[in-house]
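Please read it with the structure open.

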Amino acid sequence: MKNFKKYYIIPTTPEDIYRALTTDITIRLWTGDLVEIDAREGGQFSFWDGGITGHFIELEPFKKIVQQWYFGEQEEPSIVTIKLHEHKKGTSFEVNHINIPDEDYEDIVNGWDQEYVGSLIDFYTEE
C-alpha cells in the first residue's frame with residue numbers, strides 16, 4: 001500500500017470547491033459524467049461512471065472532506081482527506097490519499113493530477 005499527498009491551487013473560493021465536490025449537479029458540470037452522491041456522513045458516492053466509488057466519513061463545510069474509496073477487497077481502507085484553505089490565488093487544495101493499492105498507485109496519482117484536480121482547475125479557469 002502506498003500514500004499520496006499533494007497541494008494544488010485552484011482559482012476559486014473554498015466554498016465553490018466544496019460545493020463542486022459535494023453537489024451532484026456541480027460535479028456533473030466539471031466531470032462531464034453521471035454522478036451518484038449522498039453528501040452526508042455515511043453517504044455513498046460514485047463519480048466517472050463508477051470509476052471512483054466510496055462513502056463519506058467526515059464533512060466539514062467549506063474546509064474538509066474525508067472519504068473512503070473502494071478498491072475491492074483490502075485489509076485497510078483507502079482514505080482520502082481533502083482540506084481547503086483560502087489562498088491569495090483562490091484555494092489551496094490539499095489531498096492526502098492513504099492505503100492506495102500498489103498496482104493502482106500510478107493510475108491514482110495521474111487521476112488526481114489530470115482528471116480530478118486538473119478538471120477542477122480547467123473548470124474554474126475557463127472564460
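Is Phe-62 buried, partly exposed or exposed? In this predicted model, Phe-62 has a relative accessible area of 31%, so Phe-62 counts as partly exposed, the class between 20% and 50%. Tyr-18, at 9% relative accessibility, is buried, because the cut-off for that class is under 20%.

The whole structure holds 13 aromatic pairs. One of them joins Tyr-18 and Phe-62 in an edge-to-face arrangement, with 5.5 Å centre to centre and 70° between the planes. Tyr-18 belongs to helix H1 (residues 14-22) and Phe-62 to the loop between E4 and strand E5 (64-69), so this pair links parts that are 44 residues apart in sequence.

A single aromatic cluster is made up of Trp-30, Phe-45, Phe-47, Trp-48, Phe-56, Trp-69, Trp-112 and Tyr-116. A ring also takes part in a contact with a charge: the charged end of Lys-2 sits over the ring of Tyr-105, 5.1 Å from the ring centre.

**The largest pocket**

The largest pocket holds about 260 Å³ of space. It is lined by 14 residues, and those closest to its centre are Gly-51, Ile-52, Trp-69, Asp-107 and Ile-108. Strand E4 (52-60) and helix H3 (105-125) are the elements that give two or more residues to the lining. H3 gives the most, with 6 residues.

| Class in the lining of the largest pocket | Residues |
|---|---|
| Nonpolar | 8 residues |
| Polar | 3 residues |

Notes. Residues numbered from 1 in each chain as written. Predicted model: local features only at pLDDT ≥ 70, side-chain atom pairs only at ≥ 80, totals over all residues. Heavy atoms only, no water. 1 Å grid on protein atoms, 1.4 Å probe; cavity = no way out; pocket = protein on both sides within 12 Å on 5 of 7 lines; lining within 4 Å. Points joined across faces, edges and corners; volume = space filled by probe spheres on them. Helix = DSSP H or I, 4+ residues; strand = E, 2+ residues; numbered from the N terminus. Nonpolar A, V, L, I, M, F, W, Y, C, P; charged D, E, K, R; others polar. Phe/Tyr/Trp six-rings, centres within 6.5 Å; stacked < 30°, edge-to-face > 60°. Buried < 20%, exposed > 50% of the residue type's maximum accessible area, 1.4 Å probe, protein only. Lys NZ or Arg CZ within 6 Å of the ring centre and 35° of its normal.
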